[in-house]
Amino acid sequence: MDRVGLIQMTSGANPEENLAYIEQQVAVLAEQGAIWVITPENAVVFGSRHDYYRHAEPLDSGEIQAKLSNMAKRYQVWLVIGSFPIQRQSDVTTTLLVYNNAGELMANYDKLHMFDVDVADSHQRYRESETFLPGNEIVSLETPFAHLGLTICYDVRFPQLYSELAKQGANVMVVPAAFTAVTGQAHWQPLLTARAIETQSWIVAVNQTGVHLGGRQTWGHSMVISPWGDVIARLDDAPSNLLVELDLQAVTEIRATMPVMTHNRFDSRIKI
């Protein structure tokens with residue numbers, strides 16, 4: 001069994017405060033037997049453009065990333081940081097980081113799809129492309145416990161990404177997020193369920209929750225969904241943690257009895 005710990009939190013602009021909460025939760029989940037732990041998007045820094053640029057570090061370098069590495073090593077867990085601002089020459093990406101239980105950076109994924117949307121909430125205007133450079137690579141990672149497909153938040157609205165990750169062999173799709181309360185109430189669970197059923201994969205979705213800098217409000221309701229589309233466990237809208245066991249044999253069995261990927265006639269090699 002693959003035992004994963006989810007950390008739902010209300011991050012702010014101060015990395016030290018966020019790191020303290022993450023470490024507190026990692027310690028609890030590691031004590032309970034978590035093999036890997038995942039945080040939401042913007043877990044370490046959740047603020048303004050100025051905050052992201054001020055705290056951004058080169059990949060696999062800098063004080064904050066050293067603390068994340070040491071945390072994974074200290075508690076002997078694989079640590080998935082939902083996103084962190086990474087310096088890329090003159091630009092910054094919002095990047096998912098995966099550390100193994102020795103504290104080594106094993107993978108990084110730059111968010112592909114920027115949340116440039118108008119929402120009927122107090123924040124109203126969201127323009128991630130004014131802060132972050134979008135990524136250009138699809139990334140999955142084979143680990144001792146699962147083959148992870150790496151995605152971030154708004155990516156969940158683009159099923160082609162998840163299909164490609166499944167083709168790469170991913171059997172667990174991670175969705176760290178900072179889904180707004182308005183869009184979350186309407187679309188969070190339906191989108192996650194659809195991605196689980198389409199790819200016949202586990203979905204591990206961990207969201208920010210509460211009110212953040214500038215009045216931005218996030219939805220919470222982190223959850224784990226089976227490859228059949230069942231919600232196995234979920235949180236409400238309070239900061240908390242969740243420990244869930246994933247049966248990866250379920251992926252193998254469902255993909256064998258209903259081999260959707262081999263039935264797909266929209267593969268680029270097939271002319272219809």
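**Figure 1. The side chains of His 212 and Thr 218 are joined by a polar contact of 2.6 Å.** A polar contact here is a pair of N or O atoms within 3.5 Å; within protein, one must be able to donate a hydrogen and the other to accept it, and residues adjacent in sequence count only if both atoms are side-chain atoms. Before looking further, please note that this is a predicted model, in which local features need pLDDT of at least 70 and side-chain atom pairs count only at pLDDT 80 or more, while totals for chains, interfaces and linings use all residues. Residues are numbered from 1 along each chain as its sequence is written, and side-chain values use heavy atoms, with hydrogens and water left out. Back in the view, the His 212 side chain also reaches the backbone oxygen of Ser 11, at 2.8 Å. His 212 sits in the loop between strand 13 (209-211) and strand 14; helices (H or I, at least four residues) and strands (E, at least two) are DSSP runs, numbered from the N terminus. With 6% relative accessibility, His 212 counts as buried (under 20% relative accessible area; exposed is over 50% and partly exposed in between, with a 1.4 Å probe and protein chains only). Apart from neighbours within four places in sequence, His 212 is in contact (heavy atoms within 4.5 Å) with Thr 10, Ser 11, Phe 46 and Thr 218.

**Figure 2. Ser 201 is buried, at a relative accessible area of 0%.** This serine belongs to the loop between helix 5 (181-199) and strand 12 (202-207). Its side chain makes a polar contact with that of Arg 255 at 2.8 Å, and another, of 3.1 Å, with the side chain of Thr 199. Not counting residues up to four places away in sequence, Ser 201 touches several others, including Asn 171, Ile 225, Pro 227 and Arg 255.

**Figure 3. Helix 4 (residues 159-167) meets helix 5 with axes that come within 10 Å and cross at roughly 35°.** Axes are lines fitted to C-alpha atoms, for helices over the stretch in contact, and angles run from 0 to 180 degrees between N-to-C directions. The crossing is right-handed, a label used if the near helix is turned clockwise from the far one by less than a right angle, with left-handed used if anticlockwise. Helix 4 brings Pro 159, Tyr 162, Ser 163 and Ala 166 to the contact, and helix 5 brings Arg 195, Glu 198 and Thr 199.

**Figure 4. Helix 1 (residues 15-31) packs against helix 3 (residues 63-75) at an angle of about 10°, with axes 10 Å apart.** The two helices are therefore roughly parallel (angles under 35 degrees; over 145 is roughly antiparallel, 65 to 115 roughly perpendicular and the rest oblique). Their crossing is right-handed. Among the residues making the contact are Leu 19, Ile 22 and Val 26 of helix 1 and Leu 68, Met 71 and Tyr 75 of helix 3.

**Figure 5. Cys 153 has a positive phi of about 45°, although it is not a glycine.** Most residues other than glycine have a negative phi. Look for Cys 153 in the loop between strand 10 (147-150) and helix 4, where this cysteine counts as buried at 7% relative accessibility. His 221, also not a glycine, has a positive phi of about 55°, and lies in the loop between strand 14 (217-219) and strand 15 (223-225).
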